[in-house]
Amino acid sequence: MQASPGFRLESDSLGTVEVPENAYWGVHTKRALDNFPIAKRPISVYPDFVRALAQVKQACARANVEVGALSAEKGRWIDEACTRIIQGARHEEFVVGVIQGGAGTSTNMNANEVITNVALEIAGYDKGRYDILHPIDDVNRSQSTNDTYPTAIKVGLAFSLRHLTLELRLLQESFSHKSDEFTNVLKVGRTQLQDAVPMTLGQEFHGFATTLGEDYDRLMETLTLLAEVNLGATAIGTGITADPGYAAAAVRHLSEITGLNIQSAPDLIESTSDAGAFMSFSGSLKRSAIKLSKICNDLRLLSSGPQAGFGEINLPPMQAGSSIMPGKVNPVIPEAVSQVAYAIAGNDVAITMAAEGGQLQLNAFEPVIAHSLFQGLAWMTQACWTLRVNCIDGITANEDRLEAMVASSVGVITALIPFIGYTEAAKIAKVALSTGHPVADLVVAAGLMTREAVTEQLQPSKLSGMDAAAPVPVTDLKAEPSE
């Protein structure tokens, strides 16, 4: 068989195929491209995953040289090829689709072939000279897709998680700055969408910052799950085809290469078939996404209107909101972030089903797990960025409107209960609701407290709970009997 112009011939156990002459991938990748035209998204869309694949292969090559399973010369070629890929070279050659059958074999072979051909180029040989360096016999030595692929997923997720947690921390700081800015801006709190007791806008934004900080901590805790790998397990966890000293060496080299505290799983057979770590990671990511969406719901409510809604805060106007209604501006940034959260929640269901679908000694559905997690991390990272830069940093408070709402709110009567009692407070509240008269005026008119005492207790620091001083006894606050 003669290759067509611009192509080279490569063979596997199924036969011979043509591969583009300039491609760094080979026959196994070509078959995957033909078999899985599904997602129309190559694995290269997740650069942290590609780097992780190269880091795993580099660690394996070093371990093979160490135990005498690979020559120092071949090890050196593979090592340099992996270094180049880790630094960003040839990522466009990782072309297999993110959704694929075969438990990730196509991805593993894509990596083997690209690394081999980059290494051959380094050594001065043409692409496809597998008689000099072989994708399986050399680059994949002592390995199986079943241990290298899930290990690379975990390493890649750990690096993608760093990008997310950085943005999450910056977003938390943005909310904290707004909390400081709105420290003395009093507003009406709400429970079940009904008026409740007063608080400050600063306290509300501080709560947003606190919840993001909690999610930062929970996400960082998942690094421990990602650090436990089954590298060296080969096909099903028995380590078949690998030197007895290989597994420990490979894990040690991977830890050094990545800077992560990589540990070998205590039971490699269990680790090879179990996807529990991915479910736990997905659960933490979903928790963070859903809580962020809840914050976005609050921002949309607080900024609603602006004339016929809450209108308490102003979100930065980012684009015209309607093709028919002039002047309308919508909360597009919080809306986009919530959609990311919905996608992550959906992905969590897919990951759960994929984890359940594993059978016996292997889970064949790790490709969709990997895609779902990497996509969720990427989207969540960008969502945090755009929420911070295009929304939170530019929020302003409608202080006059907030002040007016507090002044007319019956909820402030709650702050006076320690001084006038619940029964009297309930009577005042009923009158205030029916007449629209301010609570403070009604309390003074009823002779329950002096004007000075009411003013003191209804100042922002006390209403919001920021002043922790003990209440003054009721007898000291009542108005003097009129003559």
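Student: In which helix is Ser271 found?

Tutor: Helices (H or I, at least four residues) are DSSP runs, numbered from the N terminus. Ser271 lies in helix α10, residues 268–273. This is a predicted model, where local features need pLDDT of at least 70, side-chain atom pairs count only at pLDDT 80 or more, and totals for chains, interfaces and linings use all residues. Residues are numbered from 1 along each chain as its sequence is written, and side-chain values use heavy atoms, with hydrogens and water left out.

Student: Is Ser271 buried or exposed?

Tutor: Buried means under 20% relative accessible area, exposed over 50%, and partly exposed in between (1.4 Å probe, protein chains only). Ser271 has a relative accessible area of 12%, so Ser271 is buried. Across the chain, buried residues make up 48% of the 483 residues.

Student: Which residues does Ser271 touch, not counting residues up to four places away in sequence?

Tutor: A contact means heavy atoms within 4.5 Å. With that exclusion, Ser271 touches Val229, Asn230 and Ala265. Of the chain's contacts with a separation of 6 or more, 72% are between residues 24 or more positions apart.

Student: What radius of gyration does the chain have?

Tutor: The radius of gyration is taken over C-alpha atoms, and the globule rule is 2.2 Å times the number of residues to the power 0.38. The chain has 31 Å, whereas a compact globule of 483 residues would have a value near 23 Å. Along the principal axes, the C-alpha atoms fill a box of roughly 115 × 55 × 35 Å.

Notes: Helix = DSSP H or I, 4+ residues; strand = E, 2+ residues; numbered from the N terminus.
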